[in-house]
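Take a walk through this model, from its salt bridges to its helices and then to its backbone exceptions. Keep the sequence at hand.

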Amino acid sequence: MVLAFQLVSVAYIWIMFTPDASCVSNIRKPHQRCASSTKQTRKQESRMNKDDSTKIWPLKHEQLLHIEDHDFAMRPGFGGSPVPVGIDVQVESIDSISEVDMDFTMTFYLRHYWKDERLSFPSKTNKSMTFDHRLIKKIWVPDIFFVHSKRSFIHDTTMENIMLRVHPDGSVLFSLRITVSAMCFMDFSRFPLDTQNCSLELESYAYNEEDLMLYWKHGNKSLNTEEHISLSQFFIEEFSASSGLSFYSSTGWYYRLFINFVLRRHIFFFVLQTYFPAMLMVMLSWVSFWIDRRAVPARVSLGITTVLTMSTIVTGVSTSMPQVSYVKAVDVYLWVSSLFVFLSVIEYAAVNYLTTVEEWERFKCGRKTSGMYDIDAVQAMAFDGCYHDSETDIDQTSFSLHSEEGSMRGRSTGSPCTESSQIKRRKSLGGNIGRIILENNHDIDMYCRVLFPTVYIIFNLFYWGIYV
């Protein structure tokens with residue numbers, strides 16, 4: 001009985017624990033599969049790391065270039081001959097040129113070439129290594145600056161535009177994209193018919209000729225420009241590269257490189273905006289020579305208008321130019337033109353004064369001629385454009401009709417001239433208006449009609465012959 005009970009208990013226990021064992025065996029199998037798959041993934045990653053050269057240890061380049069083993073605060077070959085640094089430049093654009101500030105803004109690619117054996121590394125394929133701006137602060141680079149620069153910056157969109165390329169033998173290429181605003185010492189004595197010579201100068205700030213030698217990498221071909229470079233007011237005639245030495249009394253001699261360019265100004269804009277309006281004002285002032293000398297309001301208003309217009313043109317040109325102490329070519333033309341306009345006003349003042357003196361002398365001497373037309377003030381104003389408020393003025397105005405009336409009397413039958421009809425008087429007056437106007441013009445007006453245009457044409461021939 002006891003034996004039967006023990007058998008039943010063992011059977012019950014075996015039934016109860018057998019599923020757990022199967023479960024445990026089933027659980028162990030996935031773990032074994034997971035472990036095997038993890039090992040396979042690690043093996044594949046190790047193979048990918050070997051095949052992909054970009055999957056390197058972050059500090060591997062520093063170890064490869066021996067950055068931690070050298071003091072890069074010192075130049076290559078310290079204590080020996082100066083390190084040669086080659087330069088080449090590719091000009092991207094000339095952004096602006098300001099006459100008022102006497103400066104220009106240029107964007108270009110600046111490339112440095114030198115050799116630093118401390119950066120050499122072994123390579124079976126002889127391929128170079130390229131880095132961005134993050135490695136620049138850890139190695140030695142030339143300290144080039146721009147002489148006479150006002151503002152400059154390195155472009156940083158989307159990252160700083162800096163490239164460093166190191167070759168296995170230690171040769172280094174350091175390139176950056178930069179914009180510089182520098183001074184240009186301009187000469188405006190021939191403005192706006194001028195040609196300006198500007199230059200951008202490069203020099204080492206700390207290393208003199210005993211430590212660093214700057215030179216153009218490819219000679220005259222080291223300076224390249226984009227074909228589409230154009231300016232609104234200038235035409236770029238020439239780009240050239242040159243070199244020289246500069247001396248500082250406290251630090252010695254330094255190598256200096258020059259980027260020279262010649263700018264010739266476009267004249268068409270200034271012809272339309274300055275020269276042509278000035279010519280028109282001068283010719284407009286000559287119209288007063290053909291207006292009756294008795295038409296005081298017409299001639300005075302015309303003269304004042306042309307003088308004020310010329311002063312506006314001169315002021316507009318002066319505000320857009322720097323305040324220089326010498327005379328510019330445009331100043332010569334504008335002031336001579338202003339002088340012609342001013343002299344036309346002075347000419348009428350002289351004519352008016354001499355006419356008044358002449359009439360006063362006639363009045364004093366009693367030179368009054370009888371038999372003149374009885375022209376009232378309204379009729380006199382109709383042909384000479386001036387109001388007459390006295391009979392004396394009317395008589396002087398109608399004085400020129402006397403000779404014509406005398407000739408008409410000679411051809412008549414000798415009958416006395418009576419008070420004819422108003423219609424006959426108007427016909428006689430209308431037929432002689434041209435002669436009246438000519439006789440009322442002073443001799444000075446007659447001479448100035450020829451003298452002023454002739455002298456002005458001669459001036460233009462000399463001006464454009466000298467400055468163009």
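**Charges, helices and loops**

A network of salt bridges links E99, D194 and R265. A salt bridge here is a side-chain nitrogen of Lys or Arg within 4 Å of a carboxyl oxygen of Asp or Glu. The structure holds 16 salt bridges. This is a predicted model, in which local features need pLDDT of at least 70 and side-chain atom pairs count only at pLDDT 80 or more, while totals for chains, interfaces and linings use all residues. Residues are numbered from 1 along each chain as its sequence is written, and side-chain values use heavy atoms, with hydrogens and water left out.

Start with the overall picture. The protein has 11 helices and 12 strands. These are DSSP runs, numbered from the N terminus: helices are H or I with at least four residues, strands are E with at least two. Of its 468 residues, 36% count as buried. Buried means under 20% relative accessible area, exposed means over 50%, and partly exposed lies in between (1.4 Å probe, protein chains only). The accessible surface comes to about 28,800 Å², and 60% of that belongs to carbon and sulfur atoms. Areas come from the Shrake-Rupley method with a 1.4 Å probe; for residues, only the protein chains shown count as cover. Among contacts with a separation of 6 or more, 77% join residues 24 or more positions apart. Contact means heavy atoms within 4.5 Å.

Return to the salt bridges. R299 and E347 meet through their side chains at 3.2 Å, N to O. This pair links distant parts of the chain: R299 sits in helix α4 and E347 in helix α5, 48 residues apart. R299 counts as buried because its relative accessibility is 2%. E347 is buried too, at 6%. D116 pairs with R118, with the closest N and O atoms 2.9 Å apart. D116 has a relative accessible area of 1%, so it is buried. R118, at 16%, also counts as buried. K328 bridges to D331 at 3.0 Å between the closest N and O atoms. Both K328 and D331 are buried.

Now follow α5. It has 37 residues and reaches 54 Å from its first C-alpha to its last, close to the 54 Å expected at 1.5 Å a residue. The expected span is 1.5 Å times one less than the number of residues. S338 lies in this helix. S338 is buried, at 15% relative accessibility. Beyond residues up to four places away in sequence, S338 touches M310 and V314. Just after α5, G366 takes a positive phi of about 75 degrees.

Which residues form a nonpolar patch on the surface? They are V296, V300, I304 and L308, with about 320 Å² of accessible area together. Patches are made of residues with over 30% relative accessible area and no salt bridge; like charges are joined within 9 Å, nonpolar side chains (Val, Leu, Ile, Met, Phe, Trp, Tyr) within 5 Å. An α-helix has 3.6 residues a turn, so residues three or four places apart point the same way. I304 is found in α4. I304 is partly exposed, because its relative accessible area is 44%.

Next comes α11, residues 443-467. Its 25 residues should span 36 Å, and its end C-alpha atoms are 36 Å apart, which agrees. Yet α11 bends by about 30 degrees at R449, and P453 follows within four residues. The bend is the angle between axes fitted to the seven residues ending at a residue and the seven starting there. Buried residues of α11 include R449, F452, P453 and Y456. The buried residues of the helix pack against α3 (268-285), α4 (296-319) and α5 (329-365).

Finish with the backbone. Most residues other than glycine have a negative phi, and most peptide bonds are trans. M102 has a positive phi near 55 degrees. M102 is found in the loop between β1 and β2. H148 has a phi near 60 degrees, and its place is the loop between β4 and β5. The bond from T157 to T158 is cis, with omega near -5 degrees. F191 and P192 are also joined by a cis peptide bond, with omega about 0 degrees.
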